[in-house]
Amino acid sequence: AVGEINAFFDGASAVFREITVPVGGTDGELLTFGTADGVAIFLADRSARIGDFKFGRGELDQEHVVWQLKAYAAGVMQRWGVTRVECRAWHVPERQVYECVFWDLPRMLEDIRETVYRASQPDAPRRPSASACRYCAAKLICPEFRAQVVENPLALVPAADVPVARLSDALELARFLFLYLYYYFLYFLYLLHLQLYVLDFFINL
C-alpha cells in the first residue's frame, strides 16, 4: 500500500501535504474549502494528483467522497492553473480505493455552488455523524447536532460503536472518554451561545 501511494505522487514537480484548498466562485466569493492530505503538481502536462486518506470505520458515502474530491480538485485547478486532476481516496480500515478524474472546471464550480446553496437552506437535510460533525464549524448553531447530543451523546463519538468491554487498550479507552467529554463540552458551548443570543436580543429591544 505504501508503494502504491508513493507511486501515485512520483515524478511531481511539487508535492504539498496537509494543504488547505479554498474554492472560489466566479464572483470572487469563497464557496467552500478543505484540507487535502496530499497534492502533487505536474507542470509538464499541467495536471495534478490529489490523495486523501479516510480512517473511519464502516462503509463510506461514495457520493460524499466524490464531492469532496471534486471540491479539492476545483481549488487546485484555480490555484495552480492545471487542466486535469486525478484524485484517489484510500479508505484505510476497509482497504478500499476511490478514484475519479476532473477536468471541466466551470461545470465543477456550478455543481459546487448549487450544493453549497442547497446545504445553506433552512430545510436542507442534515445527517449528523461522527465523521461529518467532527470538523464542522457550525455545531454550535446546528439543531440536528443539538438533538443528537441531547438524545444520545454517544451517537456522535467515533469510538462509540466499540463496546466498552472490548476497549482493553488503555489509550483507546482514554480516547473514548475524551471524545465523550468533548461532545458534552460542545453542547455546553451551544447552550451558552444560545443564552448570550437571547440576552443580546432583550438588551437591544
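Student: What links Glu4, Arg49, Glu86, Arg88 and Glu99?

Tutor: Glu4, Arg49, Glu86, Arg88 and Glu99 are linked in a network of salt bridges, where a salt bridge is a side-chain nitrogen of Lys or Arg within 4 Å of a carboxyl oxygen of Asp or Glu. This is a predicted model, in which local features need pLDDT of at least 70 and side-chain atom pairs count only at pLDDT 80 or more, while totals for chains, interfaces and linings use all residues. Residues are numbered from 1 along each chain as its sequence is written, and side-chain values use heavy atoms, with hydrogens and water left out.

Student: Is arginine 88 buried or exposed, and which class does glutamate 4 belong to?

Tutor: Buried means under 20% relative accessible area, exposed means over 50%, and partly exposed lies in between, using a 1.4 Å probe and protein chains only. Arginine 88, at 13%, therefore counts as buried, whereas glutamate 4, at 36%, counts as partly exposed.

Student: What makes arginine 49 and glutamate 86 a salt bridge?

Tutor: The closest N and O atoms of arginine 49 and glutamate 86 are 3.6 Å apart, which is again within the limit set for a salt bridge. Arginine 49 sits in strand β3 (residues 47-54) and glutamate 86 in strand β4, 37 residues apart, and the pair links distant parts of the chain. With 25% relative accessible area, arginine 49 is partly exposed, while glutamate 86, at 18%, counts as buried.

Student: Why is aspartate 52 called buried, and what does its side chain meet?

Tutor: Aspartate 52 has 3% relative accessibility, and it therefore counts as buried. The side chains of aspartate 52 and lysine 54 meet in a salt bridge at 2.9 Å, N to O, and lysine 54, with a relative accessible area of 14%, is buried.

Student: Where is histidine 91, and what does it touch?

Tutor: Histidine 91 is placed in strand β4 and is buried, having a relative accessible area of 1%. Leaving aside residues up to four places away in sequence, histidine 91 touches Lys54, Gly56, Gly58, Leu60, Gln96 and Tyr98, contact meaning heavy atoms within 4.5 Å.

Student: Why are α2 and α3 called oblique to each other?

Tutor: Helix α2 (residues 62-80) and helix α3 (residues 105-120) pack at an angle of about 130°, with their axes 10 Å apart; axes are lines fitted to C-alpha atoms, for helices over the stretch in contact, and angles run from 0 to 180 degrees between N-to-C directions. Angles under 35 degrees count as roughly parallel, over 145 as roughly antiparallel, 65 to 115 as roughly perpendicular and the rest as oblique, and α2 and α3 are therefore oblique to each other.

How values were computed:
Helix = DSSP H or I, 4+ residues; strand = E, 2+ residues; numbered from the N terminus.
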